[in-house]
Amino acid sequence: MAENGKAHQTVIKKYANRRLYHTGTSTYVTLEDLATMVQSGEDFVVYDARSGDDITRSVLTQIIFEQENKAGEDNLLPVAFLRQLIRFYGDSMRTMVPSFLEFSMANFARDQDGLREKLSQSFGPSAFQHALEEQVRANMSFFGDAMKMFSNFGGAAQGAAAANPVAAPPAPVPVPAGSDLDDLKRQMAEMQQRLEALAKK
């Protein structure tokens, strides 16, 4: 299945002069063109023309950078979220971040059509755009808070151990079964199971 999906991807080649070449149409394209392709649902992969390396991730990141600079006050990524995301590079929790983001955005994309229809019927297209932006900001804020809680939880334990290297470890503090931490751990475990099941299809 995965190989068949790759076979239908549009191939873009990036040359040393930073020009992007669309092999399907035999034309040069811009980052703006690639952004339009993504928004219309067209899948593509970008290769370095000289080395043959897959550089799709870096090109998509460039597109986001360009969109954020152009959007002004209507950007999607809050500063607090960007700071938190940077902090996860090198953090022990970083392995959970890609799965969490992918799962969250997939669910949001799945539900947005219903949200768009309801809001358009009630308040018009502009209301949907505003609600969509607010929902993205809320989701990103929740993600940052959730990951920060996990990081602080692990960091507090490590700090206590470093401060008392010869002392006996303290008895674990019982956490109520219905606590927010337990709920979050359970949701993350379920999310990972769903992602693994989707990957096997």
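Contact means heavy atoms within 4.5 Å of each other. Keep that in mind as you work through these exercises. The model is predicted, so local features need pLDDT of at least 70, side-chain atom pairs count only at pLDDT 80 or more, and totals for chains, interfaces and linings use all residues. Residues are numbered from 1 along each chain as its sequence is written, and side-chain values use heavy atoms, with hydrogens and water left out.

**Exercise 1. Find the place and the contacts of Arg-19**.

Step 1: Find the loop between strand 1 (10-14) and strand 2 (20-22); Arg-19 lies there. Helices (H or I, at least four residues) and strands (E, at least two) are DSSP runs, numbered from the N terminus.

Step 2: Check the surface. Buried means under 20% relative accessible area, exposed over 50%, and partly exposed in between (1.4 Å probe, protein chains only). With 43%, Arg-19 is partly exposed.

Step 3: List the partners. Not counting residues up to four places away in sequence, Arg-19 touches Lys-13, Lys-14 and Tyr-28. Val-29 is ten residues from Arg-19 in sequence, and their C-alpha atoms are 7.5 Å apart.

**Exercise 2. Work out which elements build the largest nonpolar core**.

Step 1: Recall the term. A nonpolar core is a set of buried Ala, Val, Leu, Ile, Met, Phe, Trp, Tyr and Cys residues joined through side-chain atoms within 4.5 Å.

Step 2: Collect the members. The largest core has eleven residues: Ile-12, Leu-20, Val-29, Leu-34, Ala-35, Met-37, Phe-44, Val-46, Ile-55, Val-59 and Ile-63.

Step 3: Assign them. Helix 2, strand 4 (44-48) and helix 3 (56-71) each supply at least two residues of this core, and helix 2 gives the most, with three.

Step 4: Look along helix 2 (residues 31-39), whose buried residues are Leu-34, Ala-35 and Met-37. They cover an arc of only 160° around the axis, so they sit on the same side of helix 2. The arc is that of the directions from the helix axis to the C-beta atoms.

**Exercise 3. Examine the positive phi values of Arg-18 and Ser-26**.

Step 1: Start with the general rule. Most residues other than glycine have a negative phi.

Step 2: Take Arg-18, with phi near 75°. Arg-18 is in the loop between strand 1 and strand 2 and is exposed, at 71% relative accessible area.

Step 3: Take Ser-26, with phi near 55°. Ser-26 is in the loop between strand 2 and strand 3 (27-29) and is partly exposed, at 48%.
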